[in-house]
Amino acid sequence: MIKIANNQVNEMAQELDAGMKCYINKESGEYRSILDWDDLYDGEEFWQEELEKIQTEWSNNIVVEKMPYHQSFGIMEDFTASIENQEIRNRLIYALGRNKPFRDFKNEVDYREDIRQQWFAFKQQAYEDYVRKELSGEFLFE
């Protein structure tokens with residue numbers, strides 16, 4: 001089995017969080033990322049050449065797509081539960097219960113720099129765990 005380096009897992013996690021899809025070559029462990037245009041109305045042409053390269057050069061690959069919404073929401077819930085400050089935790093709980101929980105949660109997290117930094121670290125670790133889970137059974141990890 002091919003080994004995937006921790007820095008690759010870190011990079012893939014960041015790219016997934018930024019709206020990309022990751023294509024991983026099962027034979028070499030190399031990966032390429034392409035914008036996930038399923039959620040967009042245009043822009044596919046920009047990435048078409050890269051996608052064609054992947055499809056012709058890599059006959060054996062795995063596609064890792066962004067985390068499903070329910071799982072992303074679960075990460076926000078888990079982060080909220082980890083906050084010791086009751087006032088901040090209550091604000092986050094309230095944000096998650098509103099009509100636009102992703103936006104409202106982000107606004108609350110951005111309100112305090114220390115919480116914002118904690119959130120980024122928490123979310124990055126969750127995305128890295130997600131990448132490892134998606135690739136488990138196909139690759140080994142350093």
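The term means a side-chain nitrogen of Lys or Arg within 4 Å of a carboxyl oxygen of Asp or Glu.

A word on the model. It is a predicted one, where local features need pLDDT of at least 70 and side-chain atom pairs count only at pLDDT 80 or more, while totals for chains, interfaces and linings use all residues. Residues are numbered from 1 along each chain as its sequence is written, and side-chain values use heavy atoms, with hydrogens and water left out.

Back to the pair. Is Asp-104 buried or exposed? Asp-104 is buried, at 9% relative accessibility. Arg-98 is partly exposed, with a relative accessible area of 39%. The cut-offs: buried is under 20% relative accessible area, exposed is over 50%, and partly exposed is in between, with a 1.4 Å probe and protein chains only.

How many salt bridges does the rule give? The count is 11. In general, side chains of opposite charge can pair when their charged atoms come close.

Now look at Arg-116. It forms a salt bridge with Asp-110, with the closest N and O atoms 3.2 Å apart. Arg-116 also meets Glu-113 in a salt bridge, at 3.9 Å from N to O. Glu-113 and Arg-116 sit 3 residues apart in helix 6 (residues 113–135), so about one helical turn separates them. Helices here are DSSP runs (H or I, at least four residues), numbered from the N terminus.

Arg-116 is partly exposed at 26%. Asp-110 is partly exposed at 30%. Glu-113 is partly exposed at 48%.

Next, the largest pocket. Its volume is about 480 Å³, meaning the space filled by probe spheres set on grid points, which are joined across faces, edges and corners. A pocket is an open set of points on a 1 Å grid over the protein atoms alone, where a 1.4 Å probe fits, with protein on both sides within 12 Å along at least five of seven lines; lining residues have an atom within 4 Å of a point.

Which residues lie nearest its centre? They are Asp-17, Ser-72, Phe-102, Lys-123 and Tyr-127, out of 21 lining residues. Helix 1 (6–17), helix 3 (69–82), helix 5 (101–111) and helix 6 each give two or more residues to that lining. Helix 5 gives the largest share, 6 residues.
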